[in-house]
Amino acid sequence: MHLGGTADRGIDLILIRSDEGPRLIQVERRSNLKSSEGVCVVRELNGVLFRENIAKGMIITTASHFTKAALDETTIWTQTGQTYDMQLLAYRDVVDLFNLVPSDPYQPWLQYIRNDK
């Protein structure tokens, strides 16, 4: 289910699988593929998971990697009674997941620019 928008309360998507329950997903787009995704995004989603009493989350980003602090923040203890699971997918992970051809530099907007000069 897509929820993203100005009033999404920190949840862009909810993935619901019958065998594991809901997973809250936050999507981050970085214009610089060489950038790193920091700990703040993980902490924010952890707060949303706590608020919603859900133990499974995922962050998908176009950044090339996550910082060590962000990775460390995925191993927290939760009071939900469920097994905590936070997945972090960087640009290359998403490319590999969907068997896509990587684009470097990533500039998807170029297809919409007309060169009528």
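**Exercise 1. How many bridges join β1 to strand β2, and do they run parallel or antiparallel?**

Before we start: this is a predicted model, where local features need pLDDT of at least 70 and side-chain atom pairs count only at pLDDT 80 or more, while totals for chains, interfaces and linings use all residues. Residues are numbered from 1 along each chain as its sequence is written, and side-chain values use heavy atoms, with hydrogens and water left out.

Step 1. Find the strands, which are DSSP runs (E, at least two residues; helices are H or I, at least four), numbered from the N terminus. β2 covers residues 21-28.

Step 2. Check the pairing: two strands pair if DSSP finds at least two bridges between them. Here five bridges join β1 and β2, and the two run antiparallel. For instance, L13 has I25 in β2 as its bridge partner.

**Exercise 2. Work out the strand order of the sheet and explain its edges.**

Step 1. The open sheet has four strands in the order β1-β2-β4-β6, with mixed pairing.

Step 2. β1 (13-17) and β6 (85-89) each have a single partner strand, so one side of each lacks a neighbour in the sheet.

**Exercise 3. Describe helix α1 and find which of its residues are buried.**

Step 1. α1 has 14 residues and spans 20 Å from first to last C-alpha, close to the 20 Å expected at 1.5 Å a residue (1.5 Å times one less than the number of residues).

Step 2. Look for buried residues (under 20% relative accessible area, 1.4 Å probe, protein chains only). In α1 these are V39, V41, V42, L45, N46, V48 and L49.

Definitions and conventions. Buried means under 20% relative accessible area, exposed over 50%, partly exposed in between (1.4 Å probe, protein chains only).
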